[in-house]
Amino acid sequence: EEIALSLSLSLDERRGPSLFRGFALARPDVPLERLEKEIREALSEFAEKGPSEREMERARRNLAAEAVRLTQTTQAIAFLLSEYGVYDGDASLWKNDFEALLDMDRESVREAAAFAFTEERLSVVTVEPSSPHGPESA
């Protein structure tokens with residue numbers, strides 16, 4: 001059932017705490033409460049069951065493709081190496097991180113999701129238009 005016009009999820013990795021971010025745009029006839037409830041339920045189910053093996057393979061392919069994109073130009077390579085050099089003190093660690101991501105199993109992903117997708121770690125920001133016809137008609 002398509003209750004959102006768009007949904008995107010991303011991870012904003014940092015040296016300290018990172019941020020898992022979701023953005024959803026509800027269809028005009030769908031209450032925001034319903035959309036939020038559906039997203040929460042999906043994240044909770046993922047935290048409980050973890051990904052399927054098919055989802056893991058797809059994630060590995062996407063990670064491999066991302067590694068290729070991150071190393072296609074000398075500028076991108078320089079940025080990657082300098083970021084690891086500055087934050088971790090060893091520019092070659094990006095290879096270890098990449099290999100660790102590819103080596104993750106379903107249970108590790110499920111455990112990380114169970115840790116991250118809890119009410120204590122959740123913040124919701126709701127943005128609604130001031131009127132159905134835009135601010136000029138209010």
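**Helix packing in the predicted model**

The crossing of α1 and α5 is left-handed, a term used if the near helix is turned anticlockwise from the far one by less than a right angle, whereas clockwise gives right-handed. The structure is a predicted model, in which local features need pLDDT of at least 70, side-chain atom pairs count only at pLDDT 80 or more, and totals for chains, interfaces and linings use all residues. Residues are numbered from 1 along each chain as its sequence is written, and side-chain values use heavy atoms, with hydrogens and water left out.

Helix α1 covers residues 32-49 and helix α5 residues 106-116; helices are DSSP runs (H or I, at least four residues), numbered from the N terminus. The axes of these two helices come within 7 Å and cross at roughly 135 degrees. Axes are lines fitted to C-alpha atoms, for helices over the stretch in contact, with angles from 0 to 180 degrees between N-to-C directions. Helices α1 and α5 are therefore oblique to each other (under 35 degrees is roughly parallel, over 145 roughly antiparallel, 65 to 115 roughly perpendicular, and the rest oblique).

Phe46, Ala47, Glu48 and Lys49 of α1 make the contact with Arg106, Val109, Arg110, Ala113 and Ala114 of α5, where contact means heavy atoms within 4.5 Å. Of these residues, five are nonpolar, none polar and four charged. In this division, Ala, Val, Leu, Ile, Met, Phe, Trp, Tyr, Cys and Pro count as nonpolar, Asp, Glu, Lys and Arg as charged, and the others, Gly among them, as polar.

Arg110 lies in helix α5, and its side chain reaches the backbone oxygen of Ala47 at 3.2 Å. Apart from neighbours within four places in sequence, Arg110 is in contact with Phe46, Ala47, Glu48, Lys49, Gly50 and Pro51. Gly50 follows α1 and has a positive phi, near 80 degrees.

A second pair is formed by α3 and helix α4 (residues 93-103), whose axes come within 9 Å and cross at roughly 95 degrees. This makes α3 roughly perpendicular to α4. Leu80, Leu81, Tyr84 and Asp88 in α3 meet Leu93, Trp94 and Asp97 in α4. The residues of this contact comprise five nonpolar, no polar and two charged.

Helix α3 (residues 74-88) has 15 residues and reaches 20 Å from its first C-alpha to its last, close to the 21 Å expected at 1.5 Å a residue; the expected span is 1.5 Å times one less than the number of residues. Just after α3, Gly89 takes a positive phi of about 75 degrees.

Technical notes
A polar contact is a pair of N or O atoms within 3.5 Å; within protein, one must be able to donate a hydrogen and the other to accept it, and residues adjacent in sequence count only if both atoms are side-chain atoms.
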